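Visitor: I would like to go through this model with you. Where should we begin?

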Amino acid sequence: MPHIVIRSTVVELGLHGDDYDAFVAGLRANGFDARIDDELSERRSFELGRETVQVGIWLADQFLEPTAIALAVEAIKAAALRTISKRKKGRKHQRVRKLPIYGSRGQIHGWVELPPEDDAP
């Protein structure tokens, strides 16, 4: 079962924690071992190779075939679209606009968009 770790800012998780919980539930319903990094408030960065990364989604892909990685990335994007990517006013001033989907070697497989504002007039 592919393992996924989601890491966002404390503010983003505080404002939209229910969305992230729904995102994780959606990934788990699709057979992924997914979780939100619950130590986020205690750490300021995540060491990934030589880069310091604060937010993103990590896919443990070291044992997956390229086709399985592509399917996992599409499943992550679809689950995010149904949950955390909904437009909300609280996201209008957030600095995080996209969450990268990282592989186990630090490569970026794709992006999850976080829209800036509400669609409603």
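Predicted model: local features only at pLDDT ≥ 70, side-chain atom pairs only at ≥ 80, totals over all residues.

Visitor: Which elements have the lowest and the highest mean pLDDT?

Guide: Strand β4 (residues 51-53) has the lowest, at 45, and strand β2 (residues 33-36) the highest, at 93. For the chain, the mean pLDDT is 78, and 70% of the residues reach 70 or more.

Visitor: What is the pattern of elements along the sequence?

Guide: The pattern reads β-α-β-β-β-β-α-β-β, made up of 2 helices and 7 strands. Helices (H or I, at least four residues) and strands (E, at least two) are DSSP runs, numbered from the N terminus.

Visitor: And what share of the residues is buried?

Guide: Buried residues make up 40% of the 121 in the chain. Buried means under 20% relative accessible area, exposed over 50%, and partly exposed in between, with a 1.4 Å probe and protein chains only. Among contacts between residues at least 6 apart in sequence, 68% join residues at least 24 apart.

Visitor: Turning to helix α2, which of its residues are buried?

Guide: They are Ile69, Ala72, Val73, Ala75, Ile76, Ala79 and Ala80. Seen down the axis of α2, these buried residues fall within an arc of 160°, so they line one face of the helix; the arc is that of the directions from the helix axis to the C-beta atoms.

Visitor: What do they pack against?

Guide: The buried residues of α2 pack against β1 (3-7), α1 (10-29), β5 (56-59), β6 (98-102) and β7 (108-113). The face turned away from the buried side carries the exposed residues Pro66, Thr67, Leu71 and Leu81.

Visitor: What span should the 17 residues of α2 have?

Guide: At 1.5 Å a residue, residues 66-82 should span 24 Å, and the end C-alpha atoms are 25 Å apart, which agrees. The expected span is 1.5 Å times one less than the number of residues.

Visitor: How many aromatic pairs does a search of the whole structure find?

Guide: The search finds 1 aromatic pair. The ring centres of Trp58 and Tyr102 are 5.3 Å apart and the planes at 20°, so the pair is stacked. Rings of Phe, Tyr and Trp (its six-membered ring) pair if their centres lie within 6.5 Å; planes under 30 degrees apart count as stacked, over 60 as edge-to-face and the rest as tilted.

Visitor: Where do the two residues sit in the chain?

Guide: Trp58 is in strand β5 and Tyr102 in strand β6, 44 residues apart, so the pair links distant parts of the chain. Both residues are buried.

Visitor: Is Ile57 buried or exposed?

Guide: Ile57, in strand β5, is buried, with a relative accessible area of 0%. Not counting residues up to four places away in sequence, Ile57 touches several residues, including Ile4, Phe23, Ile76, Leu99 and Tyr102.

Visitor: And Phe63, buried or exposed?

Guide: Phe63 is exposed, with a relative accessible area of 77%, and lies in the loop between β5 and α2.

Technical notes. Residues numbered from 1 in each chain as written. Heavy atoms only, no water. Contact = heavy atoms within 4.5 Å. pLDDT = per-residue confidence, 0-100.
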